[in-house]
Amino acid sequence: MIDTQAINQAQSTLVEGQPVWLFGYGSLIYKVDFDYIERKPARIDNWVRRFWQGSHDHRGTPKAPGRVATLIEQPGSSCMGMAYKVTPEVFGHLDHREKNGYLRFETPLHFADGTEVEGLVYIATEENVAFLGPASEADIAQHIAQSVGPSGPNDEYLLELAAALRKLNVEDEHVFAIERHLLALS
Ligand code: BEZ
């Protein structure tokens, strides 16, 4: 199995003492258990948020993985999230927290004032062993409703993310459709 934590730690993109912008589109939006210098809403282009990644270590188990967000390339689309300006030391913690299939990639980040910076984003690509891939939003909701892992129930992740996106005035039809299906199940 690929050790994404080791691959991320071996990357040479971080320069000691030099802060970097990290784009968050999933739990990084609402679970901020790291220090940051500044944060502001941001957008990355040509990617969409999808609940297509399996979670073996947070919202599910290796035998019964939950479903969490990753980014899927889709030219012409964009994904809104939250960007954090952080010091390189923060990645020791985050590379461990997001070790289940997520690799760090460089990407341009766009801010509401029209400015752009080069930043980093964690993406779980389809080659990782925990990748689950597409399913209908109704099926994803059913899957999420049944899943639980060491970080808690999978529905908490989805509902907290949906609430955080709403607070940022972000329209995400995929997330909100799963939320509707999930609420209809209870
Ligand atoms: C994010 O919020 O950007 C994120 C969270 C967990 C893993 C990867 C990315």
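Predicted model: local features only at pLDDT ≥ 70, side-chain atom pairs only at ≥ 80, totals over all residues.
Let me start with the overall arrangement of the strands. Five strands form a closed barrel in the order β1-β3-β2-β4-β5, and the pairing within the barrel is mixed. From one strand to the next, the twist averages 45°.

I turn now to the individual pairings. Strand β2 covers residues 38-55 and strand β4 covers residues 103-111; these two run antiparallel and are joined by 2 bridges. Here Arg 43 has His 110 of β4 as its bridge partner.

On to β4 and β5. Strand β5, residues 116-123, runs antiparallel to β4, and 8 bridges join the two. Along this pairing, Arg 104 stands opposite Tyr 122 of β5, and Leu 109 stands opposite Val 117 of β5. The two strands form a hairpin with 4 residues between them, and in this hairpin Gly 114 adopts a positive phi near 90°.

Which strand runs parallel to β5 and is joined to it by 2 bridges? That strand is β1, residues 20-24. Leu 22 stands opposite Leu 120 in β5.

Is Val 20 buried or exposed? Its relative accessible area is 13%, and because the cut-off for buried is under 20%, Val 20 counts as buried. Beyond its neighbours within four places in sequence, Val 20 contacts Leu 14, Tyr 84, Lys 85, Val 86, Phe 91 and Leu 120. By way of a distance across the model, the C-alpha atoms of Val 20 and Ser 55 are separated by 27 Å, with the two residues 35 apart along the chain.

Helix α3, residues 90-97, lies across β1, β3 (66-86), β4 and β5, and runs at about 35° to β5.

Finally, I come to the helix pair. In general, two packed helices are described by the angle and the distance between their axes. For helix α4, residues 137-146, and helix α6, residues 173-185, the axes come within 8 Å and cross at roughly 60°. The two helices are therefore oblique to each other. The crossing of α4 past α6 is right-handed. On the α4 side, the contact is made by Glu 137, Ala 138, Ile 140, Ala 141, Gln 142, Ile 144 and Ala 145. On the α6 side, the residues are His 174, Ala 177, Ile 178, His 181, Leu 182 and Leu 185. How do the residues of this contact divide into nonpolar, polar and charged? There are 9 nonpolar, 3 polar and 1 charged.

Note on methods. Residues numbered from 1 in each chain as written. Heavy atoms only, no water. Pairing = 2+ DSSP bridges. Axes fitted to C-alpha atoms, helices over the stretch in contact; angles between N-to-C directions. Parallel < 35°, antiparallel > 145°, perpendicular 65-115°, else oblique. Left-handed = near helix turned anticlockwise from the far one by under 90°. Contact = heavy atoms within 4.5 Å. Nonpolar A, V, L, I, M, F, W, Y, C, P; charged D, E, K, R; others polar. Buried < 20%, exposed > 50% of the residue type's maximum accessible area, 1.4 Å probe, protein only.
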